[in-house]
Amino acid sequence: MQEKNSNQSPEQFIIDYRLKRASELLKSDSGTISYIALSSGFQSYQSFNRLFRKRYQISPTEFRKKYNTKTNKR
């Protein structure tokens, strides 16, 4: 069975994995966005923010407001 991401470079595969992990944390974690960026493997908040916006067409802050289950339960 061939993986769907096999046509990606190793660097892009890692970035995609880190972005997916960060998006999961933004949905469920209350840590700072900088903490989530660094714990997901990004070297800086700035690079994380740029790549996140490119992938999801929304800032990490806006993503959290829209999808965070802890803040949306009222």
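The legends below describe close-up views of a predicted model.

Local features are given only where pLDDT is at least 70 and side-chain atom pairs only at pLDDT 80 or more, while totals for chains, interfaces and linings use all residues. Residues are numbered from 1 along each chain as its sequence is written, and side-chain values use heavy atoms, with hydrogens and water left out.

View 1. Helix α1 covers residues 10-28, 19 residues in total. (Helices are DSSP runs of H or I with at least four residues, numbered from the N terminus.) From first C-alpha to last, α1 reaches 27 Å, close to the expected 27 Å; the expected span is 1.5 Å times one less than the number of residues. Its buried residues are Ile-15, Asp-16, Leu-19, Ala-22, Ser-23, Leu-25 and Leu-26. (Buried means under 20% relative accessible area, exposed over 50%, and partly exposed in between, with a 1.4 Å probe and protein chains only.) These buried residues pack against α2 (33-39), α3 (45-56) and α4 (60-67).

**View 2. The largest nonpolar core.** A nonpolar core is a set of buried Ala, Val, Leu, Ile, Met, Phe, Trp, Tyr and Cys residues joined through side-chain atoms within 4.5 Å. The largest one has 14 residues, of which Leu-19, Leu-26, Phe-48 and Phe-52 touch the most other members. Two or more residues come from each of α1, α2 and α3, and α1 gives the most, with five. Leaving aside residues up to four places away in sequence, Leu-26 is in contact with Ile-33, Ile-36, Phe-48, Phe-52, Pro-60, Phe-63, Arg-64 and Asn-68. (Contact means heavy atoms within 4.5 Å.)

**View 3. A nonpolar patch on the surface.** Phe-13, Ile-14 and Tyr-17 form this patch, with about 320 Å² of accessible area together. (Nonpolar patches join side chains of Val, Leu, Ile, Met, Phe, Trp and Tyr within 5 Å, from residues with over 30% relative accessible area and no salt bridge; a salt bridge is a side-chain nitrogen of Lys or Arg within 4 Å of a carboxyl oxygen of Asp or Glu. Areas come from the Shrake-Rupley method with a 1.4 Å probe, and for residues only the protein chains shown count as cover.) Ile-14 lies in helix α1 and counts as partly exposed because its relative accessibility is 40%.

**View 4. The loop between α3 and α4.** Gln-57 sits in this loop and has a positive phi of about 55°, although it is not a glycine. Gln-57 is exposed, at 65% relative accessible area. Ser-59, in the loop between α3 and α4, is buried, at 6%. Not counting residues up to four places away in sequence, Ser-59 touches Asn-49, Phe-52 and Arg-53.

Note on methods. Patches are made of residues with over 30% relative accessible area and no salt bridge: like charges are joined within 9 Å, nonpolar side chains (Val, Leu, Ile, Met, Phe, Trp, Tyr) within 5 Å.
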